[in-house]
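Please find below my comments on the structure under review. They are set out as numbered points for discussion.

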Amino acid sequence: MQHFVLSTVVHELTKLSSFVQKKSFAQNMMDIALLSANTNQLRYVIDLGDKHPYYMTSLMLIIVSLVMQVVVGLSMLYVNRYNMKNRSEIKAASHMNNLSVAGVFMVTLVNVFISTFNGAGAGTPPIPETGGVVYTATNNATAYAIP
């Protein structure tokens, strides 16, 4: 009976370890997608330069986000090194996982601010003072019709 319980516990821990590894892998893939989006935003802000209404704010937020993403990504890779069959390592892995989740929350929060300062209308030319009507196409190109 004791052998059966022990083998069941080992089997459950193995399934848990597999779940944690798959979860970490999925989170890392999401981090890569966000990293790619942030580098694209960084290029956009740098291309616009001083024409961007929130140039320095956007630049700093994107750089902070990129650094935080690298740190969180490394911490998630570090979590994968723990052996989930060892009770003492489970506690350390749980602590590291909690720190990673907090880091992901902070990255998400910073990216909300990036979207706010780098959203629609940032870097678009000002409306001319001729009393014209502005038409915006689906690709964010702006055309002016002057009556």
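Predicted model: local features only at pLDDT ≥ 70, side-chain atom pairs only at ≥ 80, totals over all residues.

1. Residues 54-79 form a span that is 96% helix and 0% strand.

2. As to overall architecture, the protein contains three helices and two strands. Read from the N terminus, the order of these elements is α-α-α-β-β.

3. Confidence calls for separate comment. The average pLDDT of the protein is 75, and 65% of the residues score at least 70. Among the elements, helix H2 (residues 55-79) has the highest mean pLDDT, at 89. Strand E2 (residues 142-145) has the lowest, at 45. Throughout residues 137-147 the pLDDT is below 50, and in the model this stretch has 20 contacts beyond near neighbours in sequence.

4. On contacts within the protein, those with a separation of 6 or more were considered, and 61% of them join residues 24 or more positions apart.

5. Regarding burial and surface, 23% of the 147 residues count as buried. The accessible surface amounts to about 10,300 Å², and carbon and sulfur atoms contribute 68% of it.

Technical notes: Residues numbered from 1 in each chain as written. Heavy atoms only, no water. pLDDT = per-residue confidence, 0-100. Helix = DSSP H or I, 4+ residues; strand = E, 2+ residues; numbered from the N terminus. Contact = heavy atoms within 4.5 Å. Buried < 20%, exposed > 50% of the residue type's maximum accessible area, 1.4 Å probe, protein only. Areas by Shrake-Rupley, 256 points an atom, 1.4 Å probe, with all protein chains shown as cover.
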